[in-house]
Amino acid sequence: TPPSPAPSPPPVVGSGPVEIVSTITADWGSGFGASIKLQNHGSSPLSDWRLRFELKGASPIRLDSLWNAELVSVEGSTVTLGPVSWNRTLAVGESLE
């Protein structure tokens, strides 16, 4: 019997004024696809937002494509993303992915 595939990891969720949900959408061994959703639950718009996260075990880090964000920096295993021109401000209740 072939081995069962490893279960998908649960999404990472952060709560508070900004909710962050990340999900692995594809995994092909040498890389992966991911979706990160930000939703503004605060009481005011977020302007020029930044999302900083760590990619452990990836060296060097290579990001081949991004949608709805631009790469601000990569420092070691820490990646920082920021807005593109059309989503520079995240209104109250608004989300982007």
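Predicted model: local features only at pLDDT ≥ 70, side-chain atom pairs only at ≥ 80, totals over all residues.
Residues are numbered from 1 along each chain as its sequence is written, and side-chain values use heavy atoms, with hydrogens and water left out.

The largest nonpolar core consists of ten residues: Leu38, Trp49, Leu51, Leu55, Ile61, Ala69, Val79, Leu81, Leu90 and Leu96. Such a core is a set of buried Ala, Val, Leu, Ile, Met, Phe, Trp, Tyr and Cys residues joined through side-chain atoms within 4.5 Å. Buried means under 20% relative accessible area, exposed over 50%, and partly exposed in between (1.4 Å probe, protein chains only). Leaving aside residues up to four places away in sequence, Leu55 touches Phe32, Ile61, Ser77 and Val79, where contact means heavy atoms within 4.5 Å.

Side chains of opposite charge can pair when their charged atoms come close. The structure holds one salt bridge, defined as a side-chain nitrogen of Lys or Arg within 4 Å of a carboxyl oxygen of Asp or Glu. Arg88 forms a salt bridge with Asp48, and the closest N and O atoms are 3.2 Å apart. Arg88 lies in the loop between β7 (78–82) and β8 (89–90), and Asp48 in the loop between β4 (46–47) and β5 (51–54), so the pair ties together parts that are 40 residues apart in sequence. Strands (E, at least two residues) are DSSP runs, numbered from the N terminus. Arg88 is partly exposed, at 36% relative accessible area, and Asp48 is partly exposed, at 43%.

Asn87 lies in the loop between β7 and β8 and is buried, with a relative accessible area of 7%. Not counting residues up to four places away in sequence, Asn87 touches Trp49, Asn68 and Leu96.

How values were computed: Helix = DSSP H or I, 4+ residues; strand = E, 2+ residues; numbered from the N terminus.
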